[in-house]
Amino acid sequence: MNKPTPLLLLTTDPSQPLAQLALRYARALLEQVKLQQIQPADKNNEQEVVENDTQSLNVFFYADAAHMANRLRWQSADQIDLTQEWQALAKQYQLSLPVCVSTALSRGISDNDNSARHQLNGENIADGFHLVGLSELAMMMQGNCRLIQF
């Protein structure tokens with residue numbers, strides 16, 4: 001039986017401590033999965049990569065967590081820029097960074113398509129993030145998942 005795929009449902013504003021905890025959790029989980037994929041093949045200590053046909057982590061940004069996708073969000077130098085940190089993590093592990101389109105638009109975050117559709121003046125979505133409908137979240141939950149909300 002396959003292990004459930006963790007689904008991180010982020011709903012917390014980037015300024016909240018839970019938002020940083022979610023990032024740390026995702027990093028630790030992905031590093032653990034990476035280490036588990038390499039196991040000794042036999043007693044000669046040869047390395048074998050274990051096939052993993054399931055995604056190791058799903059992430060979905062909803063409600064106030066949509067602010068994470070705003071490329072114009074300023075962060076003081078003494079604070080972690082969670083937008084950049086999620087972008088780096090997504091690049092390193094080929095993660096998708098879906099953001100609920102309704103909650104993003106209601107918080108002033110848009111991509112080119114939605115800006116044109118809703119006659120908005122420009123776009124401000126950060127690289128790597130993309131706007132999706134709630135059906136994307138429903139599909140993630142439909143499979144064998146373990147939902148963790150931050």
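In which helix is the place of Glu 31? Glu 31 sits in helix α1, in a predicted model where local features need pLDDT of at least 70 and side-chain atom pairs count only at pLDDT 80 or more, while totals for chains, interfaces and linings use all residues. Residues are numbered from 1 along each chain as its sequence is written, and side-chain values use heavy atoms, with hydrogens and water left out.

**Overall make-up**

- The secondary structure of the chain comes to 5 helices and 7 strands; helices (H or I, at least four residues) and strands (E, at least two) are DSSP runs, numbered from the N terminus.
- Along the sequence, the elements follow the pattern β-α-β-β-β-α-β-α-α-β-α-β.
- The chain has 150 residues, and buried residues make up 39% of them; buried means under 20% relative accessible area, exposed over 50%, and partly exposed in between (1.4 Å probe, protein chains only).
- Of the contacts between residues at least 6 apart in sequence, 74% join residues at least 24 apart, where contact means heavy atoms within 4.5 Å.

**Strands**

- Strand β1 (residues 5–10) pairs with β4 in the parallel sense over 4 bridges; two strands pair if DSSP finds at least two bridges between them.
- Leu 7 has Asn 58 as its bridge partner in β4.
- In strand β4 (residues 58–61), Asn 58 and Phe 60 point one way, Val 59 and Phe 61 point the other way, and all are buried.
- Strand β5 (residues 97–100) shows Leu 97 and Val 99 pointing one way and Pro 98 and Cys 100 the other, and all are buried.
- A parallel pairing over 4 bridges joins β5 to strand β6 (residues 129–132).
- For Cys 100, the bridge partner in β6 is Val 132.

**Packing of α1 and α2**

- Two packed helices are described by the angle between their axes and the distance between the axes.
- Helix α1 (residues 17–36) packs with helix α2 (residues 82–93) at an angle of about 15 degrees, and the axes are 11 Å apart. Axes are lines fitted to C-alpha atoms, for helices over the stretch in contact, and angles run from 0 to 180 degrees between N-to-C directions.
- α1 and α2 are therefore roughly parallel to each other; angles under 35 degrees count as roughly parallel, over 145 as roughly antiparallel, 65 to 115 as roughly perpendicular and the rest as oblique.
- The crossing of α1 and α2 is left-handed, a term used if the near helix is turned anticlockwise from the far one by less than a right angle, with right-handed used if clockwise.
- On the α1 side, the residues that meet α2 are Ala 19, Gln 20, Ala 22, Leu 23, Ala 26, Arg 27, Leu 30, Glu 31 and Lys 34. On the α2 side they are Leu 82, Glu 85, Trp 86, Leu 89 and Tyr 93.
- By class, this contact of α1 with α2 has 9 nonpolar, 1 polar and 4 charged residues. Ala, Val, Leu, Ile, Met, Phe, Trp, Tyr, Cys and Pro count as nonpolar, Asp, Glu, Lys and Arg as charged, and the others, Gly among them, as polar.
- Glu 31 counts as partly exposed, at 33% relative accessibility. The C-alpha atoms of Glu 31 and Tyr 93 are separated by 9.4 Å, with the two residues 62 apart along the chain.

**Positive phi in loops**

- Ala 63 is not a glycine, yet has a positive phi of about 55 degrees. The residue lies in the loop between β4 and α2.
- Ala 63 is buried, with a relative accessible area of 18%. Beyond neighbours within four places in sequence, Ala 63 is in contact with Thr 11, Thr 103 and Arg 107.
- From Ala 63 to Thr 12 the C-alpha to C-alpha distance is 7.3 Å, for a sequence separation of 51 residues.
- Gln 94, also not a glycine, has a positive phi of about 55 degrees. Gln 94 is found in the loop between α2 and β5, and counts as exposed at 64% relative accessibility.

**Ser 115**

- Ser 115 belongs to helix α4 (residues 112–117) and counts as buried at 5% relative accessibility.
- Not counting residues up to four places away in sequence, Ser 115 touches Ser 110, Leu 120, Gly 122 and Glu 123.
- Ser 115 and Leu 105 are 10 residues apart in sequence, and their C-alpha atoms are 9.1 Å apart in space.
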